[in-house]
Amino acid sequence: MLLTEAEQAKLWGIAPKTLANQRCRGDGPPFIKIGRLVRYDPAQTNAWLSARVRLSTSEAA
């Protein structure tokens, strides 16, 4: 099941605008465009989130 921008934002505890800004910058989670609709695949967003795990603030991104 694909999530809407609002559903994904609520799941992560962030504002939907944050996801919109990340899409524009190209540094956010993967998303799917269906016409004008934006959807998020939980499997892809979880993988993206897991890839961002760091053990130290000095680790390179």
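Modeller: Helices (H or I, at least four residues) and strands (E, at least two) are DSSP runs numbered from the N terminus. This is a predicted model, in which local features need pLDDT of at least 70 and side-chain atom pairs count only at pLDDT 80 or more, while totals for chains, interfaces and linings use all residues. Residues are numbered from 1 along each chain as its sequence is written, and side-chain values use heavy atoms, with hydrogens and water left out.

Biologist: Thanks! Which pattern does the chain follow along the sequence?
Modeller: The chain has 3 helices and 3 strands. Its C-alpha trace spans about 40 × 25 × 20 Å along the principal axes. Read along the sequence, the pattern is β-α-α-β-β-α.

Biologist: In what order do the strands of the open sheet lie?
Modeller: Two strands pair if DSSP finds at least two bridges between them. β1 and β3 run antiparallel and are joined by 2 bridges, while 3 bridges join β2 to β3 (residues 37–40), also antiparallel. The open sheet of 3 strands therefore has antiparallel pairing and the order β1-β3-β2. The edge strands, each pairing on one side only, are β1 (3–4) and β2 (32–34).

Biologist: Which residue of β3 is the bridge partner of Ile 32?
Modeller: Let's walk along β3. The bridge partner of Ile 32 in β3 is Arg 39.

Biologist: And which residue in the turn of the hairpin has a positive phi?
Modeller: The hairpin is formed by β2 and β3, with 2 residues between them. At a phi of about 65°, the residue in that turn is Gly 35.

Biologist: Which residues of β3 form its covered face?
Modeller: In a regular strand the side chains alternate between the two faces of the sheet. The uncovered face of β3 has Leu 37 and Arg 39. The covered face has Val 38 and Tyr 40.

Biologist: Is Tyr 40 buried or exposed?
Modeller: Buried means under 20% relative accessible area, exposed over 50%, and partly exposed in between (1.4 Å probe, protein chains only). Tyr 40 lies in strand β3, and its contacts (heavy atoms within 4.5 Å) beyond four places in sequence include Met 1, Leu 19, Arg 23, Phe 31 and Thr 45. Tyr 40 and Glu 5 are 35 residues apart in sequence, yet 7.1 Å apart in space, C-alpha to C-alpha. Because its relative accessibility is 0%, Tyr 40 counts as buried.

Biologist: Which residues make up the largest nonpolar core?
Modeller: A nonpolar core is a set of buried Ala, Val, Leu, Ile, Met, Phe, Trp, Tyr and Cys residues joined through side-chain atoms within 4.5 Å. One of the members here is Leu 3, which, leaving aside neighbours within four places in sequence, is in contact with Gln 8, Leu 11, Val 38, Arg 39, Tyr 40 and Pro 42. The 5 residues of the largest core are Leu 3, Ala 9, Leu 19, Val 38 and Tyr 40.

Biologist: Why does Gln 8 count as buried, and at what relative accessible area?
Modeller: Gln 8 has its place in helix α1 (residues 5–12). Not counting residues up to four places away in sequence, Gln 8 touches Leu 3, Leu 19, Tyr 40 and Thr 45. It counts as buried because its relative accessible area is 0%.

Biologist: How far is Thr 45 from Pro 29 in space, C-alpha to C-alpha?
Modeller: Thr 45 sits in helix α3 (residues 42–51) and is buried at 1% relative accessibility. Beyond four places in sequence, Thr 45 touches Gln 8, Trp 12, Pro 29, Pro 30 and Tyr 40. Thr 45 and Pro 29 are 16 residues apart in sequence, and their C-alpha distance is 5.5 Å.

Biologist: Is Gln 22 buried or exposed?
Modeller: The place of Gln 22 is in helix α2 (residues 16–25). Beyond its neighbours within four places, Gln 22 is in contact with Asp 27, Gly 28 and Pro 29. With 15% relative accessibility, Gln 22 counts as buried.

Biologist: Last one: what percentage of the 61 residues in the chain is buried?
Modeller: Of the contacts in the chain with a separation of 6 or more, 38% are between residues 24 or more positions apart. As for burial, buried residues make up a share of 20%.
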